[in-house]
Amino acid sequence: MRGPENTSEPGPWRLVHVVRHRLPNRRLRLIVVGVLALLVLAFVIVWTTPLFEVKRIEVTGTSVLDPAEVAALGRDSVGHSVLGADLDAIANAVAALAPVKSVDVTRSWPNAVSVAVTEREPYMAVPHGEETFLMVDSEGVVFDETEKAPGTIWRVELKEPGPDDLATIETLLVLQALPSDLADEVEHVESPSPAGVTLYLEDGRTLRWGDGSESEQKAEVADRLLAGGYEHVDVSAPDAPTVS
């Protein structure tokens, strides 16, 4: 009587053993065993050979961030098998950086890890102190500080910009709902409170918008009143606007 099969062999070789004894056709058995042996050998080579050790972290897509800063987050993988690199851990570490909107981390064979970063785009420039501006994206995330604000984005005064700040949230709703012709006239915006968003136009007139609700109706009322030549228009309550 044949005794029980040995189950103490390592995983890959155990598979070869099972295939060798279970397949009925000897020739087919030899072919399958040979293929599996080659796969096991390839796995061992990739895992242990210096040729497949991670030698560098390749970073692309950065302009705000220093590529070296991003690469440093994957340094634990350097010197180890590219097959064993913890791509999720690297991605999570990079994604935690404020300027990063999204990141894709992959193996770059034979000996590198590729980190492709998509950075946040500035949507608002918020004055900070006397000489710098905070860059805020369209989701309200503060991700950079610069000495000069790009002329193509909104200039907005906010006390505490951020994705959880109500004044920031309402300001974004207002700006994203403005008709293009009115948006082109805005010189800067002040938002002292969530319901106090005020647009300062290039010709010196002011338009108090309030919060981000009823924007379509507010735009219609504002267009009519501004066309009437009023200097100061308040459409925060569009059913009862005020002018001066």
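Reader: Where does Leu166 sit?

Author: In this predicted model, Leu166 belongs to helix α5, which covers residues 166–177.

Reader: Why is Leu166 called exposed?

Author: The relative accessible area of Leu166 is 53%. The label "exposed" needs over 50%, so Leu166 gets it.

Reader: What makes the nonpolar surface patch, and what is its area?

Author: Leu166, Ile169 and Leu173 make it, and the patch comes to about 250 Å².

Reader: Which residues gather in the patch of negative charge?

Author: That surface patch brings together Asp181, Asp184, Glu185, Glu187, Glu202, Glu216, Glu220 and Asp223. Helix α7 (residues 215–227) gives the most to it, with 3 residues.

Reader: And Glu202: where is it, and how do you know whether it is buried or exposed?

Author: Glu202 lies in the loop between β9 (197–201) and β10 (206–210). Its relative accessible area is 59%; exposed means over 50%, so Glu202 counts as exposed.

Reader: On to the rings. How many aromatic pairs does the structure hold, and what makes the pair edge-to-face?

Author: There is 1 aromatic pair. The ring centres of Phe52 and Trp109 are 6.3 Å apart, and a pair needs centres within 6.5 Å. Their planes meet at 70°, and over 60 degrees counts as edge-to-face, so that is the name this pair gets.

Reader: Why do you say that the pair ties together parts apart in sequence?

Author: Phe52 is in the loop between α2 (26–48) and β1 (56–60), while Trp109 is in the loop between β2 (100–108) and β3 (112–119), so the parts they tie together are 57 residues apart in sequence.

Reader: Now salt bridges. How many are there, and what makes Arg120 and Asp137 one of them?

Author: The count comes to 7 salt bridges. For Arg120 and Asp137, the closest N and O atoms are 2.8 Å apart. The cut-off is within 4 Å, so the pair passes as a salt bridge. Arg120 is in the loop between β3 and β4 (124–128) and Asp137 in the loop between β5 (132–136) and β6 (142–146), 17 residues apart, and the pair links distant parts of the chain. Both residues are buried.

Reader: Why does the pair of Asp234 and Arg208 tie parts together?

Author: The two side chains meet in a salt bridge at 3.6 Å, N to O. Asp234 lies in strand β11 (residues 232–234) and Arg208 in strand β10, so the pair ties together parts 26 residues apart in sequence. Asp234 is buried, with a relative accessible area of 18%, whereas Arg208 is partly exposed, with 32%.

Reader: Which residues do salt bridges with shared partners join?

Author: Lys101, Arg120, Asp137 and Glu139 are joined into one network that way.

Key
Residues numbered from 1 in each chain as written. Predicted model: local features only at pLDDT ≥ 70, side-chain atom pairs only at ≥ 80, totals over all residues. Heavy atoms only, no water. Patch = residues over 30% accessible without salt bridge, like charges linked within 9 Å, V, L, I, M, F, W, Y side chains within 5 Å. Areas by Shrake-Rupley, 256 points an atom, 1.4 Å probe, with all protein chains shown as cover. Helix = DSSP H or I, 4+ residues; strand = E, 2+ residues; numbered from the N terminus. Buried < 20%, exposed > 50% of the residue type's maximum accessible area, 1.4 Å probe, protein only. Lys, Arg positive; Asp, Glu negative; His and termini not counted. Charge placed at Lys NZ, Arg CZ, Asp CG, Glu CD. Phe/Tyr/Trp six-rings, centres within 6.5 Å; stacked < 30°, edge-to-face > 60°.
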